[in-house]
Amino acid sequence: SGLVLLIELPLGVAIALTMPRKGGWAISATLVMIALPLLIPWNVIGTIWVIFLRPDVGLLGHFIDHTLGIHFDYPTVPIQAWISVMMMEVWHWTPLVILLAYAGLRSIPDAYYQAASIDTASPWAVFWYIQLPKMRGVLMIAVLLRFMDSFLIYTEPFVLTGGGPGDATTFLSIYLVKLAVGEFDVGKAAAFSIIYFLIVLVFSYVFYQVLLRAQRGEVR
């Protein structure tokens with residue numbers, strides 16, 4: 001979850017910054033294209049990446065295995081399985097960060113940019129003192145949503161790796177399902193699910209309190 005957030009947040013903000021703040025049908029079409037991965041069912045996402053990563057027919061798998069000359073076999077190599085799940089998760093959910101960051105950028109009044117232009121502020125100064133503070137609220141929402149989603153991830157890695165090789169990509173959600181359905185250890189699974197829920201609840205509560213304090217600070 002932490003690695004996914006470290007990749008998706010800067011990447012989403014960087015892409016949102018390159019998009020024009022004003023535009024006609026072109027910007028609308030761009031937003032629709034960016035949001036397409038969010039509309040695909042999660043089990044289909046896993047299937048797409050299973051084909052995409054195959055060295056024989058998959059575009060990325062063939063490029064890594066044949067063009068780069070790196071032996072790519074993610075079903076048997078743990079580090080490759082981890083990287084594959086990370087790439088799939090980043091591709092699937094970075095559009096959400098882009099849309100939220102872009103909405104935050106669009107809400108900034110033009111007067112701020114006009115004042116920065118008069119003061120001959122650099123692009124970095126505009127980002128640090130104008131854009132980033134105004135995006136603080138939507139970025140906290142993005143962190144909250146993405147943490148909960150990534151911490152509860154199940155369908156995509158289950159379809160892609162099945163939790164393997166071994167238990168390399170057996171996340172808590174996959175382990176819980178194996179415990180309850182595979183081993184039919186209902187009592188242990190019930191206790192595990194309650195602890196799992198409390199972990200997500202505590203982290204979500206902390207993020208929510210930080211978000212509220214940030215919003216109160218902006219009001220003041």
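Which residues make the nonpolar surface patch of about 730 Å²? They are Leu-3, Leu-6, Ile-7, Leu-11, Ile-15, Ile-79, Trp-82 and Ile-83. A patch here takes residues with over 30% relative accessible area and no salt bridge, with nonpolar side chains (Val, Leu, Ile, Met, Phe, Trp, Tyr) joined within 5 Å and like charges within 9 Å. Areas come from the Shrake-Rupley method with a 1.4 Å probe, and for residues only the protein chains shown count as cover.

Some ground rules. This is a predicted model, where local features need pLDDT of at least 70, side-chain atom pairs count only at pLDDT 80 or more, and totals for chains, interfaces and linings use all residues. Residues are numbered from 1 along each chain as its sequence is written, and side-chain values use heavy atoms, leaving out hydrogens and water.

Helix H1 (2–18) and helix H5 (78–106) each give two or more residues. H1 gives the largest share, 5 residues. Helices are DSSP runs (H or I, at least four residues), numbered from the N terminus.

Now the charges. The whole structure has 4 salt bridges. That means a side-chain nitrogen of Lys or Arg within 4 Å of a carboxyl oxygen of Asp or Glu. Take Glu-8 and Arg-146, at 2.7 Å, N to O. Glu-8 is in H1 and Arg-146 in H8 (residues 136–151), so the pair ties together parts 138 residues apart in sequence. Glu-8 is buried, at 0% relative accessibility. Arg-146 is buried at 0% too. Buried means under 20% relative accessible area, exposed over 50%, partly exposed in between (1.4 Å probe, protein chains only).

Arg-146 also bridges to Asp-149, at 3.6 Å. Asp-149 is partly exposed, at 28%. Glu-8, Glu-89, Arg-146 and Asp-149 form a salt-bridge network.
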